[in-house]
Amino acid sequence: MNKIKKYYIIIPIITAILSLIVMVVTSINSKVVNKGYSYFTEDLNSNKISTVIVDTSPKMTVILNSGDKYSTDNPHTDTLKEKLLLNGIEVKDETTPPISKTIPSGILGLSLFAIVAMLVYKSKGGVSSVTSMEMQDFSKDKKAALNFDAVAGNEEAKESLMDVVDFLKNPEKYQKYGARMPKGVILYGDPGTGKTLLAKAVAGEAGVPFYALSGSDFVQVYVGVGAARVRNLFKKAKSQGKAVIFIDEIDAIGKARGNGKNGSSNDEKDQTLNALLTEMSGFGQEEGIVVIAATNRLDMLDKALLRPGRFDRHIEVALPDVNAREKILSLHLKNKPHENIDIKDIAKKTVYFSGAKLESLVNESAILAAKDNSDYITYDHIENAYSITLAGHEKKERSYLKEEDKLLTAYHEAGHGLVNMLLLPQDKVSKITIIPTTKGAGGYTLSIPEDTNYHRIDYLKNKIKVSLGGRAAEEIIFGKDKISTGAHGDISQTTDIALKMVTEYGMGETLGLINLSSVGPLYSSYGNSVIEECKNIVNDLYNETLKLLNKNRASLDKIAIELLEKETLHEDELNKLV
Ligand code: ADP
Ligand code: ZN
């Protein structure tokens, strides 16, 4: 429906073009040669003229008995017409242009007006303004309908959503018992974990239309536009009877107001949020409309959204564990030719990968296999795709790299790798490379992180040391005044871990077992001392890292030199060196 509306604007564009063509063609046809006035008087005197056409222009058109045409200056004397008529010459007065000329220009004018009007209407937030709205009618288009089979893992979420599907299919059943089914469901969890997929599957399983929109589409510069869009969306959904409305990034409109950090309220956001809440309380149980919203963080949402009768069912969609990863990989490999791929092994290596990242890993492997003209996707393709997904594509053109820069990168990466191997042997280093990537890294070290839900304090400290290993190696080899910007990403990672230790995990002195964000507006009084403590933690760990690398200088040199030669080192090669 929306699609057709979107293309209405084509009609005035076509009519405008057609009328322009007609105008150009007729004006070309009516082009005649111009001749001097003396020719005209000569022709007049020798009775060669049959017709003269005069209009408002300074020229008049002369048609001879022979059929030839030319134009000449119109002297605009009062006597001319009389003289012509007396000579038996027909005089056509076209001071008002003929209909054949006015129609095309009229149509052109109307078309241009229609185009402008449509564009204005669109930008003002009319029905068709929600251009990014996706609408799929699974009640008609049964083939496109996804079901829960398309979602691997996420068993708890699926089970919880099964109720919603049943409710959409048989609302009467629940009414009979006076049960209040959720009007709103919030799916929360990391990006790419399959929230959109689940919402689509709910609509698909229930066979009802699916409307999808992103919260950021509602937030507009003009106050009131977002609210109008919300009302519009619900109007459309209601006209279909049953429906699933999916709002991605609900936090864009439903972020908690003034939680101490920025007290400023935003009129447009509030109006949009209120419109959403009003619409949700406006439809009854019997209507069979369920709103599913997605967010990365449940704790960021305005409490008003979460009250009973609104989004009162909250379902976590977590990152897949090793079994779920295996299922997701199998699902996406199912229709792709592959051979000798140990899916279990890849599942083990892809700790913290979301479903979307796994899908992209499989897709990237398929692309590599196609480029190789290989009959199958092989383990090598997956291996290469793994690096690409984590670090980006290798830069092919690297002749511009200076030797001294390569040396710096080699020692930097060797530092990460060596500290990792020495302190966190359980986090296997699978690859170190000094080939720059298109994502901007000079090189990188890949390790497979521990697959658990919680980490111990010594693990976190060692993680920080691994991160600092790059900078520490640079300092040891090249001196303090030759350190580089290469540690930029490492430093933000380090800061992140240290901050979390002190403010969230209760591992610091300043706050003890207090969580910083829970103390609300009071938090600012702790800001400086928290930063001071983090700085000390990181500084101490950095000094320990320097010591560790100095003690193992021989291994550091070996890895760096080998890296310079081979550019990339894998797990087995590294184990031989250290
Ligand atoms: P989210 O909405 O949580 O950001 P999406 O639902 O958009 O994530 O997931 C993006 C893509 O990742 C999906 O289209 C699908 O290909 C893949 N994907 C994510 N999770 C899963 C899963 N559990 N099973 C299968 N594929 C998944
Ligand atoms: Zn680094």
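**Stop one: the ligand**

Keep in mind as you look around that this is a predicted model. Select ligand 1 and show the residues around it: there are 17 of them, and A152, G192, K195, T196 and H332 come nearest.

For a side-chain contact, pick N154: an N or O atom of its side chain is 3.4 Å from a nitrogen atom of ligand 1.

On its own, ligand 1 exposes 560 Å², and the protein buries 80% of that. To see where the shell comes from, colour α8 (195-206), α14 (322-333) and α16 (355-371), the elements that each give two or more residues to it. Colour the shell by class instead and you'll get eight nonpolar, seven polar and two charged residues.

You'll find N154 in the loop between β5 (134-137) and α6 (155-169). Is N154 buried or exposed? With a relative accessibility of 15%, N154 counts as buried, because the cut-off for that is under 20%.

Check the backbone too: N154 has a positive phi of about 50 degrees, although it is not a glycine. That's worth a look because most residues other than glycine have a negative phi. For another example, jump to N47, in the loop between α3 (37-45) and β1 (49-54). The phi of N47 is also positive, near 55 degrees.

**Stop three: zoom out**

Time to show the whole chain as a cartoon. The protein has 23 helices and 13 strands. Its C-alpha atoms fill a box of roughly 120 × 75 × 60 Å along the principal axes. The radius of gyration is 37 Å, whereas a compact globule of 578 residues would have one near 25 Å. Of those 578 residues, 42% count as buried.

Give each domain its own colour: domain 1 (11-100), domain 2 (138-316), domain 3 (324-391) and domain 4 (403-577). How many Å separate the centres of domain 1 and domain 2? Taken over C-alpha atoms, the answer is 70 Å.

**Stop four: two threonines**

Select T72, which is in strand β3 (residues 69-73). T72 is buried, with a relative accessible area of 0%. Follow the side chain of T72 and you'll see that it reaches the backbone oxygen of K35 at 3.0 Å.

Next, go to T295, in strand β9 (residues 289-295). T295 is buried as well, at 2% relative accessibility. Here a polar atom of the T295 side chain lies 3.2 Å from the backbone nitrogen of R297.

**Stop five: a few distances to draw**

Start with L319, in the loop between β10 (311-316) and α14. L319 has a relative accessible area of 30%, so L319 is partly exposed.

Then try A347, in helix α15 (residues 343-349). A347 is buried, with a relative accessible area of 1%. Between A347 and N539 there are 36 Å, C-alpha to C-alpha, and the pair is 192 residues apart in sequence.

Finish at I434, in the loop between β11 (429-433) and β12 (444-447). At 4% relative accessibility, I434 counts as buried.

Methods: Residues numbered from 1 in each chain as written. Chains lettered and ligands numbered in written order. Heavy atoms only, no water. Near = heavy atom within 4 Å. Polar contact = N/O pair within 3.5 Å; in protein donor to acceptor, adjacent residues only side chain to side chain. Areas by Shrake-Rupley, 256 points an atom, 1.4 Å probe, with all protein chains shown as cover. Helix = DSSP H or I, 4+ residues; strand = E, 2+ residues; numbered from the N terminus. Nonpolar A, V, L, I, M, F, W, Y, C, P; charged D, E, K, R; others polar. Rg over C-alpha atoms; globule rule 2.2 N^0.38 Å. Buried < 20%, exposed > 50% of the residue type's maximum accessible area, 1.4 Å probe, protein only. Domains from an automatic or database assignment.
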